[in-house]
Amino acid sequence: MRVLVVEDSEALAGQLRAAFAEAGFAVDHAPDGEEALFLGETEPYDAVVLDLGLPRLDGLTVLRRWRAAGRTMPVLVLTARDAWTEKVEGLNAGADDYLAKPFVMAELVARVQALIRRAHGLARPEIRLGDLRIDINARSVTWKGAPVRLTALEYGLLAYLAHHPGRPVSKTELTEHLYAQDFDRDSNTLEVMVGRLRRKLADGVIETVRGQGYRMVADEG
């Protein structure tokens, strides 16, 4: 999954990027409201962490413009003041959750993970597709009850497909959600990873849809 961190404090932004990267996210950073507005309108993020007190364009304005433009990604608002009026303004502007500074980093990451789950209709942090089990919190995978060892990118690809079972996902979409903006993207890497996943699971779990990309089989069993 790919997340946008919008925070003007360089120190806090670094901590946020490190925490999300450790949790397996691809992370982009915007230090001001104008860049955040542009990235949020042009890049397909799975979630956004948005500070309200931003230079050049404030966070509430950014959020309102995203929603007016039809951008529906989950947004968690950060506020420096634990004031109920600011929380209400953020929620009314289209925020999905809020967290007041200072906060515990683990709670923030967990809240963003929960927002992404809910956006995909998942009530619990586990995906079950036939013999496949994916524990989202632990970032672990089992196949027919046996643990499967995956690299970070293999897990990310499998988890993204599993969040969209039965739907063809293009290589472009996978690349956009697996890699941060400044990452050297190579579509051939996706083919290699899919091949490795098929060997570790089973050939029929991930189908190739000609001209459309890959599809996670949604059958039970």
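Q: Where does G70, with its positive phi, lie relative to α3?
A: This is a predicted model: local features need pLDDT of at least 70, side-chain atom pairs count only at pLDDT 80 or more, and totals for chains, interfaces and linings use all residues. Residues are numbered from 1 along each chain as its sequence is written, and side-chain values use heavy atoms, leaving out hydrogens and water. Helices (H or I, at least four residues) and strands (E, at least two) are DSSP runs, numbered from the N terminus. G70 takes a phi of about 85°, and its place is just after α3.

Q: Which residue caps the N-terminal end of α3?
A: Helix α3 covers residues 59-68. At its N-terminal end, a side-chain oxygen lies 3.1 Å from the backbone nitrogen of L60. That is a polar contact (a pair of N or O atoms within 3.5 Å; within protein, one must be able to donate a hydrogen and the other to accept it, and residues adjacent in sequence count only if both atoms are side-chain atoms). The oxygen belongs to D58.

Q: Which elements do the buried residues of α3 pack against?
A: Buried means under 20% relative accessible area, exposed means over 50%, and partly exposed lies in between (1.4 Å probe, protein chains only). In α3 the buried residues are G59, L60, T61, V62, L63 and W66. Their packing partners, by contact (heavy atoms within 4.5 Å), are β1 (2-6), α2 (33-42), β3 (47-51), β4 (75-79) and α4 (84-93).

Q: Is R56 buried or exposed?
A: R56 sits in the loop between β3 and α3. Its phi is positive, about 75°, although R56 is not a glycine. Most residues other than glycine have a negative phi. With a relative accessible area of 59%, R56 is exposed.

Q: What is the relative accessibility of K144, which counts as exposed?
A: K144 lies in the loop between β8 (140-143) and β9 (146-148). K144 is not a glycine, yet it has a positive phi of about 55°. K144 counts as exposed because its relative accessibility is 60%.

Q: What is the omega of the cis peptide bond between K101 and P102?
A: P102 lies in the loop between β5 (97-100) and α5. Most peptide bonds are trans. The bond joining K101 and P102 is cis, with an omega of about -5°.

Q: Which residue has a side chain joined to that of E173 by a polar contact of 2.6 Å?
A: E173 is found in helix α7 (residues 171-178). E173 is buried because its relative accessible area is 18%. Its side chain makes a polar contact of 2.9 Å with the side chain of R167. The polar contact of 2.6 Å is with Y160.

Q: Which element gives the most residues to the lining of the largest cavity?
A: On a 1 Å grid over the protein atoms alone, a cavity is a set of points where a 1.4 Å probe fits but cannot get out, a pocket is an open set with protein on both sides within 12 Å along at least five of seven lines, and lining residues have an atom within 4 Å of a point. The largest cavity holds about 200 Å³, where a volume is the space filled by probe spheres set on the points, joined across faces, edges and corners. Of its 14 lining residues, the closest to its centre are M1, F25, I136, Y155 and H163. Four lining residues come from α6.

Q: What is the volume of the second largest pocket?
A: Its lining includes P44, Y45, G70 and H177. By class, this lining has five nonpolar, three polar and one charged residues. Here Ala, Val, Leu, Ile, Met, Phe, Trp, Tyr, Cys and Pro count as nonpolar, Asp, Glu, Lys and Arg as charged, and the others, Gly among them, as polar. The volume of this second largest pocket is about 150 Å³.
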